Amino acid sequence: MRDCVFCRIIARESHADVEYEDDAVLAFKDIYPKAPIHLLIVPKRHIPSIMTMEGADAEILGRCFLAARAVGEAKGLAERGYRLRVNCGPDGGQVVYHVHVHFLAGGRVSGA
Ligand code: 5GP
Ligand code: ZN
């Protein structure tokens with residue numbers, strides 16, 4: 001998806017501060033952080049939204065949550081924890097239509 005900002009980051013055609021990578025998942029710093037630690041965890045395969053996900057997408061989305069666990073442990077957050085957020089569709093605040101998990105941490109993360 002050449003017109004997808006996250007696919008361009010995955011293809012290394014756009015810069016991002018990558019903090020985690022495996023065969024299925026990439027995690028990088030959000031360009032406008034809303035918490036002291038704010039990463040975006042994305043599947044390397046383009047899936048637009050949870051609202052359009054299919055059965056075949058379930059494994060790779062599960063891999064995103066396993067990546068969140070790995071990031072949390074690498075950052076020493078396994079005890080204190082962190083917030084994972086997935087915005088879905090316009091009323092859910094989704095702006096980028098390549099599904100992503102927000103990883104928010106560093107002090108008590110506010111908001112619903
Ligand atoms: P959404 O509102 O779709 O759940 O979140 C999209 C997030 O992507 C926002 O927090 C926004 O700051 C971040 N973002 C948008 N464009 C870029 C970009 O080019 N690079 C990075 N690193 N983050 C981006
Ligand atoms: Zn994409």
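The model is predicted.

**Exercise 1. A loop residue and its spatial partner**

Solution. 
Step 1. Ala-35 and Ala-105 are separated by 70 residues in sequence, yet their C-alpha atoms are 6.2 Å apart in space.

**Exercise 2. The zinc site**

Task: Identify which atoms coordinate the zinc ion (ligand 2), and state what geometry the site has.

Solution. 
Step 1. The donor atoms are SG of Cys-4, SG of Cys-7, ND1 of His-46 and ND1 of His-98, at 2.0 to 2.3 Å from the zinc ion (ligand 2).
Step 2. Along the chain, these donors follow the spacing C-x2-C-x38-H-x51-H.
Step 3. The angles among the four donor atoms run from 104 to 116°. Four donors count as tetrahedral if all angles lie between 85 and 135 degrees, so this criterion can be applied directly. The site of the zinc ion (ligand 2) is accordingly tetrahedral.
Step 4. For reference, the ideal angle for four tetrahedral donors is 109.5 degrees.

**Exercise 3. Salt bridges**

Task: State how many salt bridges the structure holds, and describe the pair formed by Arg-12 and Glu-21.

Solution. 
Step 1. The structure holds nine salt bridges.
Step 2. In one of them, the side chains of Arg-12 and Glu-21 meet with an N to O distance of 2.9 Å.
Step 3. Arg-12 is partly exposed because its relative accessible area is 46%. Glu-21, with 40%, is also partly exposed.
Step 4. The pair belongs to a network of salt bridges that links Arg-12, Glu-21 and Lys-44.

Task: Classify Asp-30 and Lys-34 as buried or exposed, and give the distance between their closest N and O atoms.

Solution. 
Step 1. Asp-30 has a relative accessible area of 11% and is therefore buried.
Step 2. Lys-34 reaches 57% relative accessibility, so Lys-34 counts as exposed.
Step 3. The two residues form a salt bridge in which the closest N and O atoms are 3.8 Å apart.

**Exercise 4. Asp-57, Arg-45 and Ile-60**

Task: Describe how Asp-57 and Arg-45 interact, and where Ile-60 lies.

Solution. 
Step 1. Asp-57 forms a salt bridge with Arg-45, with 3.1 Å between the closest N and O atoms. Both residues are in the loop between β3 (37–43) and α2 (58–74), 12 residues apart.
Step 2. The side chains of Asp-57 and Arg-45 also make a polar contact of 3.1 Å.
Step 3. Asp-57 is buried because its relative accessible area is 8%, whereas Arg-45 is partly exposed at 39%.
Step 4. Ile-60 lies in helix α2. With a relative accessible area of 12%, Ile-60 is buried.
Step 5. Ile-60 and Arg-45 are 15 residues apart in sequence, and 8.2 Å separates their C-alpha atoms in space.

**Exercise 5. A histidine pair**

Task: Locate His-102 and name the side chain with which His-102 makes a polar contact.

Solution. 
Step 1. His-102 is part of strand β5 (residues 101–105).
Step 2. Its relative accessible area is 7%, so His-102 is buried.
Step 3. The side chain of His-102 is joined to that of His-38 by a polar contact of 2.8 Å.

**Exercise 6. The surface**

Task: Name the residues that make the nonpolar surface patch of about 250 Å², and classify Asp-23 as buried or exposed.

Solution. 
Step 1. The patch is made by Phe-65, Tyr-82 and Leu-84.
Step 2. Leu-84 is found in strand β4 (residues 83–85). At 32% relative accessibility, Leu-84 counts as partly exposed.
Step 3. Asp-23 is found in the loop between β1 (18–21) and β2 (25–29). Its relative accessibility is 63%, so Asp-23 counts as exposed.
Step 4. Asp-23 and Arg-63 are 40 residues apart in sequence, with their C-alpha atoms 9.8 Å apart in space.

Definitions and conventions. Residues are numbered from 1 along each chain as its sequence is written. Chains are lettered from A and ligands numbered from 1 in the order in which they are written. This is a predicted model: local features need pLDDT of at least 70, side-chain atom pairs count only at pLDDT 80 or more; totals for chains, interfaces and linings use all residues. Side-chain values use heavy atoms; hydrogens and water are left out. Patches are made of residues with over 30% relative accessible area and no salt bridge: like charges are joined within 9 Å, nonpolar side chains (Val, Leu, Ile, Met, Phe, Trp, Tyr) within 5 Å. Accessible areas come from the Shrake-Rupley method with a 1.4 Å probe; for residues, only the protein chains shown count as cover. A salt bridge is a side-chain nitrogen of Lys or Arg within 4 Å of a carboxyl oxygen of Asp or Glu. Helices (H or I, at least four residues) and strands (E, at least two) are DSSP runs, numbered from the N terminus. Buried means under 20% relative accessible area, exposed over 50%, partly exposed in between (1.4 Å probe, protein chains only). Donors are N, O and S atoms within 2.8 Å of the metal (3.2 Å for Na, K and Ca); water is not among the atoms, so sites may look incomplete. Four donors count as tetrahedral if all angles lie between 85 and 135 degrees; four count as square planar and six as octahedral if opposite donors are over 155 degrees apart and all others between 65 and 115; anything else is irregular. A polar contact is a pair of N or O atoms within 3.5 Å; within protein, one must be able to donate a hydrogen and the other to accept it, and residues adjacent in sequence count only if both atoms are side-chain atoms.
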